[in-house]
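Thanks for making the time this morning.

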Amino acid sequence: MSVTHDILEADDSLFGSLLRQDPELAEILLAERRRQSTTLQLIAAENFTSRAVLAALGSPLANKYAEGYPGARHHGGCEIVDVAERLAVERARELFGAEHVNVQSHSGSSAVLAAYAALLRPGDTVLALGLPYGGHLTHGSPANFSGRWFAFVGYGVDAETGLIDYDQVRTLARTHRPKAIVCGSIAYPRHLDYAFFRDVADEVGAYLVADAAHPIGLVAGGAAPSPVPYADVVCATTHKVLRGPRGGMILCGGELAERVDRAVFPFTQGGAQMHTIAAKAVAFGEAATPAYAAYAHQVIANARTLAAHLAAEGLVVTTGGTDTHLITADPAPLGVDGKSARGRLAAAGIVLDCCALPHGDARGLRLGTAALTTQGMGEREMRAVATLLAEVLRGGTDAAAAREDVRDLLVEFPPYPD
Ligand SMILES: *Cc1c(COP(=O)(O)O)cnc(C)c1O
């Protein structure tokens with residue numbers, strides 16, 4: 001690929017400066033950009049932001065210190081970035097119908113940390129989806145602050161259907177009387193029954209925390225049910241299906257607004273990253289458009305088609321399909337486990353994750369359609385992806401030949417069109 005036609009280099013004002021000053025690092029950026037352009041990005045948490053989002057990220061707002069909140073900062077000269085943060089908050093409130101939004105969380109994990117800080121004391125009991133079933137690290141992993149500071153109880157999924165065992169959720173809530181119930185997952189392909197979780201939380205007097213890091217982008221596009229009317233606090237990322245910059249946010253009712261804001265700053269974070277907040281505002285603006293709503297629906301149509309064709313190729317798709325952008329599947333019937341499958345597929349230019357499976361110890365595959373759909377792929381391409389993926393796993397094609405097929409498929413769908 002010709003370096004001179006690269007999108008990054010075309011922006012002479014910024015990337016050109018980097019290229020001249022530090023070609024060693026510039027070449028790393030170009031190599032990563034080439035990797036993204038010549039392999040299939042099926043990691044469920046990834047997407048491609050717009051140029052407008054990238055422009056905000058690479059802007060002089062990166063140089064501004066802004067501890068505190070608009071109108072109440074600990075630094076001078078915040079009058080302009082205050083406008084940016086107010087705009088991000090207003091757009092998010094409108095987009096999600098939330099009374100209050102904090103857009104300062106540096107990541108999804110930081111948002112969850114702040115939500116716990118707002119609602120809980122160390123040692124409190126929290127009920128969340130167990131890590132082997134798709135709970136996030138912040139849902140009680142012993143390697144994470146959450147598992148160290150709180151007493152997590154895990155609910156699970158049915159080993160046969162892969163669906164959340166809602167009866168178990170209610171039973172565990174009655175037994176353990178948690179201070180908070182968390183719903184949300186890194187790998188659950190189905191919509192969550194937020195009304196059910198609200199009902200159980202009310203019954204046992206618990207807060208309901210929805211960790212909607214994955215589906216929040218589908219919610220923004222009107223393609224998935226919203227947790228906002230049900231949860232006391234909604235934590236989310238802005239960089240997954242939502243297609244904004246890497247970061248987090250917290251949505252809640254007015255009565256928790258002050259506790260949530262203080263839990264973010266000064267309790268768990270320092271200065272806000274104003275370039276990221278500006279980029280979040282751009283992404284919220286994009287997500288409010290009919291084009292984005294169409295995108296969110298296409299993401300799901302693509303995932304459903306991809307899941308159906310993976311199943312037709314012999315993989316065992318968890319829960320038999322998907323409601324979202326996300327699919328988990330067991331490649332065992334093709335004679336390979338998830339861990340070695342990921343490596344073989346990566347060599348073939350098909351990039352995805354391993355994940356736990358509801359049954360047994362073997363690892364499965366986790367994939368999502370957010371990035372490919374942003375590139376413009378539709379259901380025809382999903383069929384081609386499923387066929388190629390299965391062919392690689394069956395050993396019917398070698399890595400070099402598969403990489404060529406991947407490049408051919410991508411010719412019409414560049415992630416960074418000129
Ligand atoms: C992605 C994710 C997170 C964490 O987001 P980071 O930005 O990586 O910290 C938290 N919870 C869930 C359910 C997620 O899917």
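I will start with the nonpolar cores, then turn to the helix, and end with the cysteines.

Please keep in mind throughout that this is a predicted model. The largest nonpolar core has 60 residues, and those with the most contacts inside it are Phe96, Tyr155, Ile181 and Leu242. Because domain 1, residues 60-287, and domain 2, residues 290-411, both contribute residues to this core, it lies between them. If we look at Leu242 and leave aside residues up to four places away in sequence, we find that it touches Phe96, Ile216, Gly217, Ala220, Thr237, Met249, Phe284, Ala287 and Tyr292. Apart from that core lies another, of 34 residues, which includes Ala307, Leu315, Leu345 and Leu409.

Now to helix H16, which covers residues 379-394 and reaches 23 Å from its first C-alpha to its last, close to the 22 Å expected at 1.5 Å a residue. Among the buried residues of H16 are Met382, Val385, Ala386, Leu389 and Leu393, and Glu381 is buried there as well. The helix is followed by Gly395, whose phi is positive, near 80 degrees.

Finally, how many disulfides are there? The count comes to zero, taking a cut-off of 2.5 Å between cysteine sulfur atoms. For Cys183, the nearest cysteine sulfur is that of Cys235, 10 Å away, and Cys183 is itself buried, with a relative accessible area of 1%. For Cys355, the nearest cysteine sulfur belongs to Cys354, at 7.6 Å, and Cys355 is likewise buried, with a relative accessible area of 6%.

Notes
Residues numbered from 1 in each chain as written. Predicted model: local features only at pLDDT ≥ 70, side-chain atom pairs only at ≥ 80, totals over all residues. Heavy atoms only, no water. Core = buried A, V, L, I, M, F, W, Y, C linked by side-chain atoms within 4.5 Å. Buried < 20%, exposed > 50% of the residue type's maximum accessible area, 1.4 Å probe, protein only. Domains from an automatic or database assignment. Contact = heavy atoms within 4.5 Å. Helix = DSSP H or I, 4+ residues; strand = E, 2+ residues; numbered from the N terminus. Expected span 1.5 Å × (residues − 1).
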